[in-house]
Amino acid sequence: MKKIIALLLHFALSNTVYAAGPYDGIYSVIVSGFISGYATVHEVDNKMIVIIVDPVPNTPWEPMIGTRRGDSVSLRSVPDVSSSDINLKVTINFNDNGPSTATINSCVNGISHVCIYPSGSQFNLEKLF
């Protein structure tokens with residue numbers, strides 16, 4: 001997991017990678033006041049890719065894709081990309097003046113992985129850079 005985070009930070013700080021969207025960056029995922037993971041956000045022409053990583057060792061990363069409309073994006077998990085086999089749908093409402101909010105719209109357990117948080121759960125996203 002540390003290697004994935006280091007790789008994401010490397011790309012974020014590299015001179016050859018540029019932010020294309022207004023919300024591109026690395027965010028901490030806050031649950032009950034504590035950091036429970038990280039999300040990297042990348043956008044081109046309103047098409048957004050979000051990768052969620054958990055700092056807990058041996059936890060799969062979760063790639064998601066969606067289209068941004070205004071300050072909001074509806075994301076769905078991308079099957080067969082990571083070892084996670086859950087079916088996740090999330091809406092993120094971005095906020096320039098404070099934490100953004102992510103809401104789980106639905107989460108369906110997979111065969112080898114289960115949903116940790118139920119539908120309707122909300123999390124704060126704080127932009128690190």
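Student: Which residues does Val-81 touch, not counting residues up to four places away in sequence?
Tutor: Val-81 touches Trp-61 and Pro-63, where contact means heavy atoms within 4.5 Å. This is a predicted model, in which local features need pLDDT of at least 70, side-chain atom pairs count only at pLDDT 80 or more, and totals for chains, interfaces and linings use all residues. Residues are numbered from 1 along each chain as its sequence is written, and side-chain values use heavy atoms, with hydrogens and water left out.

Student: Where is Val-81 found?
Tutor: Val-81 lies in the loop between E5 and E6; strands (E) are DSSP runs of at least two residues, numbered from the N terminus.

Student: Why does Val-81 count as partly exposed?
Tutor: Because its relative accessibility is 43%; buried means under 20% relative accessible area, exposed over 50%, and partly exposed in between, with a 1.4 Å probe and protein chains only.

Student: Turning to Arg-68, is it buried or exposed?
Tutor: Arg-68 is buried, at a relative accessible area of 13%, and belongs to strand E4 (residues 62-69).

Student: With which side chain does the Arg-68 side chain make a polar contact?
Tutor: With that of Glu-43, at 2.8 Å. A polar contact is a pair of N or O atoms within 3.5 Å; within protein, one must be able to donate a hydrogen and the other to accept it, and residues adjacent in sequence count only if both atoms are side-chain atoms.

Definitions and conventions. Helix = DSSP H or I, 4+ residues; strand = E, 2+ residues; numbered from the N terminus.
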